[in-house]
Amino acid sequence: MGRTLYSFTAYARPLINPNCRYATTGCPFSKRQRSQIAPTAALNDEIFANAKPYSEVPGPKPIPILGNTWRMVPIIGQFDISEFAKVTKMFLEQYGRIVRLGGLIGRPDLLFVYDADEIERMYRREGPTPFRPAMPCLVKYKSEVRKDFFGELPGVVGVHGEQWRRFRSKVQRPILQPQTVKKYVAPIELVTEDFIKYMEDARDENGDLPHEFDNDIHRWSLECIGRVALDVRLGCLSSKLTKDSEPQRIIDAAKFALRNVAVLELKAPYWRYFPTPLWTKYVNNMNFFIELCSRYINEALERLKTKKVTSENDLSLLERVLRSEGDPKIATIMALDLILVGIDTISMAVCSILYQVATRLKEQEKMAEEIRRVLPDPNQPLTYSDLDKLHYTKAFVREVFRMYSTVIGNGRTLQEDDVICGYHIPKGVQVVFPTIVTGNMEQFVSDPDEFKPERWLESEGRLHSFASLPYGFGARICLGRRFADLEIQVLLAKLLRRYRLEYHHEPLEYAVTFMYAPDGPLRLRMLPR
């Protein structure tokens, strides 16, 4: 997320315009998504002259030496990183639709923008190599610590500019083509059937799933990603999996790598100056990922050498990348990025979705009825066409993402000065689009406190498409989104066709690890229909 600025659209406008025109965007889960398009205007000296100075942007005031970093420090600080979703909402309530969080040790200012029209304006005019707020710890690892491995093509995660564009151009065509995704319906269905069998065996006499069920979801997610990115079944769903097994080590490493990003970058950025214990463990985890991916990619390359191929349709995603690029390192880095960001993201999204399914029985029954119509025989193999007919099920997922956005925000790093919400914002500032808040604002969504999947299937009411963007937008939209959609849809179709989910414990609060998800044991009850 980020861009070189080319053209400029209206920099300040009312939050709701009854005379706006509408455009559709490619919402991954719904048939409908509407967007208010701001009128265009040239970025000129007059606009900058009339803009208020950056120093006047409201926000928490930094103190000498410690800036605002002290607010994230345990005991003395005001902000708990696990409650950062609440903090972003508090910023809106206290300071308004634009908030500056400056004085952060070792990193640029963060600028929170709570205006979906401004967010849309920025997304729609981004150039071919957008800059998104990076994970400095991952940037340092790829560009310095392991430059020997990554070289000039370090992947798509934590990478920007021409390097990012060149690497993405090598892998995005096979990853994003619908025909590629369609080939994985059956493999993902097989993994999911094994997972449901695992769930059946893991239940107690009341049908309750174990306390550590969230880790089981991670195991399913890793098995799916391994099948897509590495062309193998990793064995994550074995009932005999130990804490020292390779699949569990992968899960633990992925959790650590993502969930400590906020700690490394906001709470304890001292690794920039000397190798802290947390930084050393982070590096060791990343080295483990490289070793793992390299081993499986080399095995896939050996298989490809003896495989009889008559057309491109005979090739898996990994094989297509290996064959077209001829460099196993490209495939290794692709797999590394998919595993690194995919395991925890998809797992936490599924935890949130299943919790909402189990606590919203009326909506669950609507999904189950829809799935029964599409799949009258529960043993019938799924097809891509079947999944495409699950309109209400997809809308339910979309509504979960709106109200409980797994990714609490997207953003851009400004490559040129801009005017946002009437303020002159300098180059280098990291602009944050807090989806978890904007998706629940009355200005952009009708009755935002009401859980209503039907809003994604109807034409009435406000529903600003840039208020809730679970996968981002534009050139840096999530590269693995089609596979994420597929895995979630297959799981819901197979699970709800046979079982009813319930939850009979105290309500779970949501909290931020790296993702936003229910905090506590996901003690679901799984009963035959």
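**The largest pocket**

Guide: Twenty residues line the largest pocket, and those nearest its centre are K89, M403, Y404, N440 and Y516. The model is predicted, with local features requiring pLDDT of at least 70 and side-chain atom pairs pLDDT 80 or more, while totals for chains, interfaces and linings use all residues. Numbering starts from 1 along each chain as its sequence is written, and side-chain values use heavy atoms, without hydrogens or water.

The space in the largest pocket comes to about 500 Å³ (the volume filled by probe spheres set on grid points joined across faces, edges and corners). On the 1 Å grid over protein atoms alone, a pocket is an open set with protein on both sides within 12 Å along at least five of seven lines; a cavity is a set where a 1.4 Å probe fits but cannot get out; lining residues have an atom within 4 Å of a point.

Helix 2 (84–95), helix 14, helix 18 (435–438) and strand 11 (509–512) each give two or more residues to the lining of the largest pocket (DSSP runs, H or I of at least four residues for helices and E of at least two for strands, numbered from the N terminus). Helix 2 gives the most, 5 residues. By class, this lining has 11 nonpolar, 3 polar and 6 charged residues (Ala, Val, Leu, Ile, Met, Phe, Trp, Tyr, Cys and Pro are nonpolar; Asp, Glu, Lys and Arg charged; the others, including Gly, polar).

There are 2 cavities of 30 Å³ or more. The second largest cavity has a volume of about 50 Å³, and its lining contains 7 nonpolar, 4 polar and no charged residues. Helix 3 (116–124) and helix 18 each supply at least two residues of that lining.
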